[in-house]
Amino acid sequence: MSVVELPATADTTSRTRKAGRGVVWWSAATVVVLAALVFIPGLLAPGDPYTLDIGNRFTGPQSGNLFGTDDAGRDILSRVIHGARYSIGSAVLIITVAVVVGTIYGSLAAWYGGILDRLLMRTVDVFLAFPYLVFAMAVAASLGRGLTSTIVALSLLWWPSYARMIRGQVKSILNDYHIRAATTLGARRGQILRWHVIPHTYSQLLVRLTLDIGNALVALTGLAFLGLGATPPLPEWGRMVADSKQFALTAWWYAVFPGAVIFLTVLNFVLLGEALRKRSTS
Amino acid sequence: MPSGRVLDVDRDVTSLLELTGVDKTFVTDRGPVRAVRRMSMVVGKGEVVGLVGESGSGKSTIANLVLGLEHADAGRIRFLGRDVGEWLDKEEARYRQAVQAVFQHPFQALDSRKRVGWLVAEPLVIHRRGNSKSRAERVRELMADVHLDPSLVDRYPHQLSGGQAQRVNIARALALEPSLLVCDEPVSALDVSVQAQILNLLLEINRERSMAMLFISHSLPVVRHLSDRIVVMYAGTAVEEGPGGEVSDRPTHPYTQLLVSAASVVTGDHGQPRGTMREAIPSVGCRFVPRCPVAIDRCSSEEPSLDELAEGHSSRCWVASDPALRAEVG
């Protein structure tokens with residue numbers, strides 16, 4: 001054993017851990033800010049997101065309108081702040097549905113195994129084999145336009161990947177030694193799953209869903225850009241970027257500010273997810 | 001002793017646990033492995049029976065069969081005169097409360113995300129014993145019974161030492177006042193200094209609660225320390241059986257003699273004999289022939305039966321059961 005090497009190793013690990021912790025704190029703080037935007041936009045926005053002011057359309061960023069105004073003279077900053085509820089809220093909703101459905105479905109498949117497992121997982125394969133954009137467009141279009149149908153479409157698409165991940169995890173945890181111990185104590189199936197299996201999936205699940213909130217936001221934006229998603233005048237972020245495209249050359253701020261907010265939000269969730277992953281594996 | 005036991009053990013006059021002609025074969029990638037072969041043994045009420053054998057001898061499979069984690073292919077395993085399979089089908093909860101286990105790996109047997117207090121209370125919650133207040137009281141009692149500081153209830157398993165973790169496992173097993181405790185290599189993963197403490201704790205539990213134990217280990221000295229009776233297993237079946245002192249001091253089967261001599265070597269006190277069982281086990285005759293120093297012609301053609309040589313002391317060996325041959329071999 002080298003005495004010289006030990007402090008050096010300890011130092012590097014503590015440094016990476018410190019850096020990781022910095023990212024976690026920064027991202028977590030941003031999540032708190034985003035949550036505030038979602039829950040109390042009225043207190044934070046400088047103005048009303050819906051008030052039209054035709055005389056004031058396409059004003060560049062200035063003291064009264066930090067992000068400028070859009071084609072109807074509405075304050076873009078206020079619209080971005082109020083839009084957080086629709087954009088982030090939808091993404092969180094989609095992932096929540098995916099996590100809940102995927103966990104139940106995946107656990108059932110793993111626990112019962114055999115034919116049921118094969119049947120359930122082939123169904124998942126079918127879902128995952130579809131190109132997601134085509135599938136989402138088909139569902140969203142058939143349910144009619146609007147944010148709700150897009151949320152339904154993306155939720156339908158998202159749970160299978162969670163089902164597959166949870167099934168794999170549950171299968172491996174069920175082989176763990178402590179499950180044998182719980183079985184000999186007389187624990188019933190439901191108790192074993194609830195107490196000894198599902199909690200062991202949390203750390204990986206947290207990483208995955210953090211990353212996926214960003215991914216869902218991108219998907220929502222993409223669909224909105226294609227005309228599926230929130231209907232006017234809802235200030236959903238993807239919708240705003242989609243609306244801005246015809247004015248991109250004359251009013252740069254119209255596309256840039258909502259786009260930048262989407263970009264930073266997604267980046268934040270991805271960084272947070274990666275930092276959590278590093279922490280859970282170290 | 002206040003009896004919280006679900007089963008009235010005294011009512012039954014015969015043995016507590018009885019295995020007769022048990023067979024278990026595992027199908028592996030390299031073909032079938034016959035882990036247990038016509039194995040018979042008995043554990044009486046309040047008795048500590050040590051089951052010794054090297055790894056691969058099938059002793060852990062016996063534990064899994066008794067605990068219902070595996071199912072026997074043939075033969076019968078009876079607890080209080082009733083088949084284990086029937087217990088598990090019809091009255092699983094009662095059987096689980098009557099038969100408890102302590103496993104080899106103290107940390108892996110504990111859910112790493114649960115605190116000690118939760119883990120010790122778990123069996124009580126599963127079997128709906130008491131309310132949360134009486135359970136907390138019982139957890140304190142159990143912790144005291146296994147000599148654990150009550151302040152450890154808020155710890156997670158990884159904050160414990162190996163010995164403490166195994167005490168937590170023992171406390172969990174004791175919570176339901178079982179009639180039989182199956183201990184599968186309970187000390188082999190522990191430091192030597194801690195092993196004796198855990199063995200003494202188990203012995204104390206057996207004495208105070210007259211709790212029967214099936215104590216499985218690869219180490220003859222460990223088994224001898226607390227067993228009333230010892231069963232020696234080789235290649236899936238019992239080769240020698242008798243009172244603890246008799247088997248370890250006057251072994252009759254050459255395999256047991258090998259175990260004893262291996263254990264007496266100063267450096268390797270773990271009772272692992274030289275050579276391994278993997279070197280081709282014959283399918284006819286005595287399974288031990290390839291490693292046996294005293295094998296005669298008959299051994300390769302005909303398998304000996306487990307014959308009683310002295311009061312309660314049996315051996316599965318042609319040489320041992322023939323006084324003339326025994327004298328000759330010395």
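What percentage of the 330 residues in chain B do buried residues make up? The figure is 45%. The model is predicted, and the points below follow from its coordinates.

1. Chain B, overall form. Along the principal axes, the C-alpha trace of chain B spans about 70 × 45 × 45 Å. The secondary structure of this chain amounts to 13 helices and 12 strands.

2. Chain B, contacts. Take the contacts in chain B between residues at least 6 apart in sequence: 64% of them join residues at least 24 apart.

3. Strand β8(B). This strand covers residues 212-217 of chain B, and 6 of its 6 residues are buried. In a regular strand, side chains alternate between the two faces of the sheet. In β8(B), B:Ala212, B:Leu214 and B:Ile216 point one way. B:Met213, B:Phe215 and B:Ser217 point the other way. Both sets are buried.

4. Neighbours of β8(B). Two parallel pairings involve this strand. Strand β3 (residues 48-52) of chain B pairs with β8(B) in the parallel sense over 5 bridges. Within that contact region, B:Val52 has B:Ser217 as its bridge partner. Strand β7 (residues 180-184) of chain B also runs parallel to β8(B), joined by 5 bridges. B:Cys183 stands opposite B:Phe215 of β8(B). B:Ser217 and B:Phe215 are both on the side of β8(B) that also holds B:Met213.

5. Helix α5(B), geometry. Residues 132-145 of chain B form this helix of 14 residues. From first C-alpha to last, α5(B) reaches 20 Å, close to the 20 Å expected at 1.5 Å a residue. After the helix comes B:His147, with a positive phi near 60 degrees.

6. Which residues of α5(B) are buried? They are B:Val139, B:Leu142 and B:Met143. Viewed down the helix axis, the buried residues of α5(B) fall within an arc of 100 degrees, so they line one face. This buried set packs against α4 (116-126) and α6 (162-174) of chain B. On the other side of α5(B), the exposed residues are B:Lys133, B:Ser134, B:Glu137 and B:Ala144.

7. Chain A, overall form. Chain A has 11 helices and 0 strands. The C-alpha atoms of chain A fill a box of roughly 75 × 60 × 30 Å along the principal axes. Of the 282 residues in chain A, 38% are buried. For contacts in chain A with a separation of 6 or more, residues 24 or more positions apart account for 70%.

8. Where the chains meet. How many residues of chain A are in contact with chain B? There are 13, and they touch 20 residues of chain B. On the chain A side, α7 (177-185) and α8 (189-197) each supply at least two residues. Helix α7(A) gives the most, with 7 residues. By type, the residues on this side of chain A divide into 5 nonpolar, 7 polar and 1 charged.

Notes: Residues are numbered from 1 along each chain as its sequence is written. Chains are lettered from A and ligands numbered from 1 in the order in which they are written. This is a predicted model: local features need pLDDT of at least 70, side-chain atom pairs count only at pLDDT 80 or more; totals for chains, interfaces and linings use all residues. Helices (H or I, at least four residues) and strands (E, at least two) are DSSP runs, numbered from the N terminus. The expected span of a helix is 1.5 Å times one less than its number of residues. A residue is buried if 20 or more other C-beta atoms lie within 10 Å of its own, exposed if 12 or fewer, and partly exposed in between; C-beta atoms are placed from the backbone. The arc is that of the directions from the helix axis to the C-beta atoms. Two residues are in contact if their C-beta atoms, placed from the backbone, lie within 7 Å. Ala, Val, Leu, Ile, Met, Phe, Trp, Tyr, Cys and Pro count as nonpolar, Asp, Glu, Lys and Arg as charged, and the others, Gly among them, as polar. Two strands pair if DSSP finds at least two bridges between them.
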